[in-house]
Amino acid sequence: MSLKNHFELMASYNQWMNSKIYQAAGQLGRDELAMDRGAFFGSILGTLNHILVADIIWLKRFATPPHGLPALREIVELPYPSRLDQILFEDVAALSERRFWLDRQICSWVSELSNDDLELGLSYRNTKGVPGNKRFSSLILHFFNHQTHHRGQVTTLLSQAGRNVDVTDLLALIPDEGNL
C-alpha cells in the first residue's frame with residue numbers, strides 16, 4: 001500500500017471514528033459534555049473542540065503553497081483559532097456539523113494528494129511562533145496521529161460517562177488481502 005493510500009485509509013478512519021464518537025456524545029446532556037473530567041482539555045466538549053481547533057490549524061498550514069490543493073480552499077476562509085483550548089462550539093450539534101463538514105474536506109484533500117506532494121517540505125510556525133520545516137508526509141502522519149490520540153481520550157471520557165463507542169480499532173477498516 002502506498003503512503004497516499006495509507007493516508008486515505010486514515011482519512012476514512014478519522015471520519016468513521018468521529019461519527020461514532022459524536023453519536024455517543026450526542027446522547028449526553030450539555031452539563032455532562034461540559035463537565036471537567038480531569039482530561040488535558042477538561043471535558044468531552046473541550047477535547048472535541050481541541051481536535052477541531054488543531055485540525056483547522058494544520059489544514060490551514062497545509063493549504064499554503066505549494067500544497068494549496070482545491071479541496072482546502074474553504075478551509076482557508078475559516079477563522080484562525082486563537083488558542084488550542086478554544087471552544088469553537090458550545091453546542092454538540094453545531095460542533096458535530098462542523099466536524100462532519102471538516103471530515104469531508106479532509107477526505108477530499110487526501111484524495112487530491114500526489115506522491116510528489118508527499119515528498120515536499122513544509123515550513124510553518126507553531127502556535128507559539130516557533131518555526132518548523134518538516135517533510136509534508138511526516139506532518140500529515142502527525143495530523144492523523146494527533147486526532148487518534150485525543151479521540152482515545154474522548155472514548156475513555158465517554159466510557160466514564162456510561163457511553164460505549166464500540167469498536168475503535170483501525171483494523172476494522174483495513175481491507176482483507178486474502179492469501180498474500
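His-150 is placed in helix 7, which covers residues 136-160, helices being DSSP runs of H or I with at least four residues and strands runs of E with at least two, numbered from the N terminus. The structure is a predicted model in which local features need pLDDT of at least 70 and side-chain atom pairs count only at pLDDT 80 or more, whereas totals for chains, interfaces and linings use all residues. Residues are numbered from 1 along each chain as its sequence is written, and side-chain values use heavy atoms, with hydrogens and water left out.

With a relative accessible area of 5%, His-150 is buried, a term that denotes under 20% relative accessible area with a 1.4 Å probe and protein chains only. Apart from neighbours within four places in sequence, His-150 is in contact (heavy atoms within 4.5 Å) with Phe-41, Thr-47, His-50 and Ile-51. His-50, in turn, lies in helix 3 (residues 44-62) and is likewise counted as buried, at 4% relative accessibility; beyond residues up to four places away in sequence, His-50 touches Phe-41, Leu-84, His-146 and His-150.

An unreviewed UniProt entry lists His-50, His-146 and His-150 under "binding site", an annotation of a kind that may be inferred rather than shown by experiment. Although these residues span 101 residues in sequence, no two of their C-alpha atoms are more than 10.4 Å apart, so they gather at one spot.

In soluble globular proteins, nonpolar side chains tend to be buried together. Leu-59, leaving aside neighbours within four places in sequence, is in contact with Leu-72, Ile-75, Leu-102, Ile-106, Trp-109 and Phe-143.

Arg-99 is located in helix 5 and, at 1% relative accessibility, counts as buried. The side chain of Arg-99 makes a polar contact of 2.7 Å with the side chain of Asp-103, where a polar contact is a pair of N or O atoms within 3.5 Å, one within protein being able to donate a hydrogen and the other to accept it, and residues adjacent in sequence counting only if both atoms are side-chain atoms. Outside four places in sequence, the contacts of Arg-99 include Asn-14, Asn-18, Tyr-22, Asp-55 and Ile-106.

Notes:
Buried means under 20% relative accessible area, exposed over 50%, partly exposed in between (1.4 Å probe, protein chains only).
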